[in-house]
Amino acid sequence: MSKHERLKSRKLIQELFRRKLFVNTPKIKIFYSFQSNDDFVISQYGFSVAKKSFPKATDRNKIKRLLRESWRLHKNGFVEQLIQKNQKGIFWFNYIGKELPSFQDIDNSIQAFIAIFESKHEIN
């Protein structure tokens, strides 16, 4: 992910969680919000794993790496469809599973999110 795609703004993150728009998949809860601001150049993403579920930092970091890699593989078509609809958004991927996942588990959840999101918002 490029520097501009990382969601770091505290103001945007607070707005994202305040709106309470989300999609649940078996392992991931994805919060999202759309932006119409011209200053908002591209869609931005954040990833998190609960410390309570995974006390070891190495496990949390591994899960976040898996989330970022899976999203990187699937985001191009998704983002192109958002651009065609003239929408830009912020997305926060929160891993809610209780056991250490495989890449396939994460990838299936990301694909499920894209399918649910597209049907919910008629993006395709």
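**View 1. Salt bridge between Glu 99 and Lys 27.** The side chains of Glu 99 and Lys 27 form a salt bridge with an N to O distance of 2.4 Å; a salt bridge here is a side-chain nitrogen of Lys or Arg within 4 Å of a carboxyl oxygen of Asp or Glu. The pair joins distant parts of the chain, with Glu 99 in the loop between β4 and α3 and Lys 27 in the loop between β1 and β2, 72 residues apart. Helices (H or I, at least four residues) and strands (E, at least two) are DSSP runs, numbered from the N terminus. Glu 99 is partly exposed at a relative accessible area of 42%, whereas Lys 27 is buried at 16%. Buried means under 20% relative accessible area, exposed over 50%, and partly exposed in between, with a 1.4 Å probe and protein chains only. The model is predicted: local features need pLDDT of at least 70, side-chain atom pairs count only at pLDDT 80 or more, and totals for chains, interfaces and linings use all residues. Residues are numbered from 1 along each chain as its sequence is written, and side-chain values use heavy atoms, leaving out hydrogens and water.

View 2. The search of the whole structure gives four salt bridges. In one of them, the side chains of Arg 19 and Glu 15 meet at 3.1 Å, N to O. These two residues are four apart in α1 (residues 10–19), so about one helical turn separates them. Arg 19 is partly exposed at 43%, and Glu 15 is buried at 18%. In helix α2, Glu 69 and Arg 72 are three residues apart, about one turn, and their side chains form a salt bridge at 2.6 Å, N to O. Glu 69 is partly exposed at 31%, as is Arg 72 at 40%.

**View 3. The largest nonpolar core.** A nonpolar core is a set of buried Ala, Val, Leu, Ile, Met, Phe, Trp, Tyr and Cys residues joined through side-chain atoms within 4.5 Å. The largest has 23 residues, of which Trp 71, Phe 78, Phe 91, Phe 93, Tyr 95, Phe 113 and Phe 117 touch the most other members. Two or more residues come from each of β2 (28–35), β3, α2 (57–84), β4 (88–95) and α3 (103–121). The most come from α2, with seven. Beyond four places in sequence, the contacts of Phe 93 include Ile 30, Phe 47, Leu 67, Trp 71 and Phe 113; contact means heavy atoms within 4.5 Å. A second, separate core has seven residues, among them Leu 7, Ile 13, Phe 31 and Trp 92.

**View 4. Gln 44 in strand β3.** Gln 44 belongs to β3 (residues 44–49) and is buried at 16%. A polar atom of its side chain lies 3.1 Å from the backbone oxygen of His 4. Leaving out residues up to four places away in sequence, Gln 44 touches residues including Glu 5, Leu 12 and Phe 91.

Notes:
A polar contact is a pair of N or O atoms within 3.5 Å; within protein, one must be able to donate a hydrogen and the other to accept it, and residues adjacent in sequence count only if both atoms are side-chain atoms.
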